[in-house]
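Thank you all for coming; I would like to take a few minutes to walk through one structure with you. Please have a look at it first, and then we will go through some of its side chains together.

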Amino acid sequence: CNHFFDSFLSSTMSLTVKLLRCEGLKDYNVRSTNKACPYVEFTVDGVKERSTSAKNTLNPLWDPTPKFVFDNLPQEPGLLHIRVLDDNRGKIKLGEGEVEFSSLVPGVETEFCVKLCHPGLFPEKGTCFVKVTYWP
């Protein structure tokens with residue numbers, strides 16, 4: 001019996017994030033005829049994952065739904081950081097938000113409506129809809 005390996009496994013968790021859609025994103029460049037090409041970046045414990053870009057829309061829908069898996073995360077409560085950026089304009093941040101792990105129930109997929117903001121510019125920058133599951 002390898003006690004080190006057993007304790008390592010019991011001290012980590014996995015997190016799965018499904019990206020559904022964003023709504024009501026705000027576009028900085030009001031003079032342009034092209035709309036933003038948003039993508040979503042997820043960060044957990046320093047690990048980043050990125051979606052594909054949705055073309056010329058402020059209400060992107062990802063279909064099929066992309067799934068991002070974060071394995072071997074520390075058990076301590078943490079955050080899922082969500083940033084929406086514009087791939088069309090030099091990766092300008094359109095908004096950001098977060099989901100606290102403490103709001104998750106182990107093994108239960110939970111849908112979150114994450115309000116996006118951009119400190120200092122627009123207090124509310126739209127909404128990102130995700131489904132999150134974690135396993136201790």
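At 16% relative accessibility, Ser53 counts as buried, where buried means under 20% relative accessible area, exposed means over 50% and partly exposed lies in between, with a 1.4 Å probe and protein chains only. Before I go on, please keep in mind that this is a predicted model, in which local features need pLDDT of at least 70 and side-chain atom pairs count only at pLDDT 80 or more, while totals for chains, interfaces and linings use all residues. Residues are numbered from 1 along each chain as its sequence is written, and side-chain values use heavy atoms, with hydrogens and water left out.

Ser53 is found in the loop between strand S3 (47–50) and S4; strands here are DSSP runs of E with at least two residues, numbered from the N terminus. Which side chains does the side chain of Ser53 meet in polar contacts? One is the side chain of Arg50, at 3.1 Å, and another is that of Asp87, at 2.7 Å. A polar contact is a pair of N or O atoms within 3.5 Å; within protein, one must be able to donate a hydrogen and the other to accept it, and residues adjacent in sequence count only if both atoms are side-chain atoms.

Arg50 also lies over the face of Tyr39, at 3.6 Å from the ring centre, which is judged by CZ of Arg (or NZ of Lys) being within 6 Å of the ring centre and within 35 degrees of the ring normal. Arg21 lies over the face of Phe129 in turn, at 3.9 Å from the ring centre.

Let me turn to the aromatic rings. A search of the whole structure finds one aromatic pair, and this pair, Phe42 with Phe68, is tilted, with 5.2 Å centre to centre and 50° between the planes. Rings of Phe, Tyr and Trp (its six-membered ring) pair if their centres lie within 6.5 Å, and planes under 30 degrees apart count as stacked, over 60 as edge-to-face and the rest as tilted. Because Phe42 lies in strand S2 (residues 38–44) and Phe68 in strand S4 (residues 67–74), the pair ties together parts that are 26 residues apart in sequence. Phe42 counts as buried at 0% relative accessibility, and Phe68 counts as buried at 7%.

Key
Helices (H or I, at least four residues) and strands (E, at least two) are DSSP runs, numbered from the N terminus.
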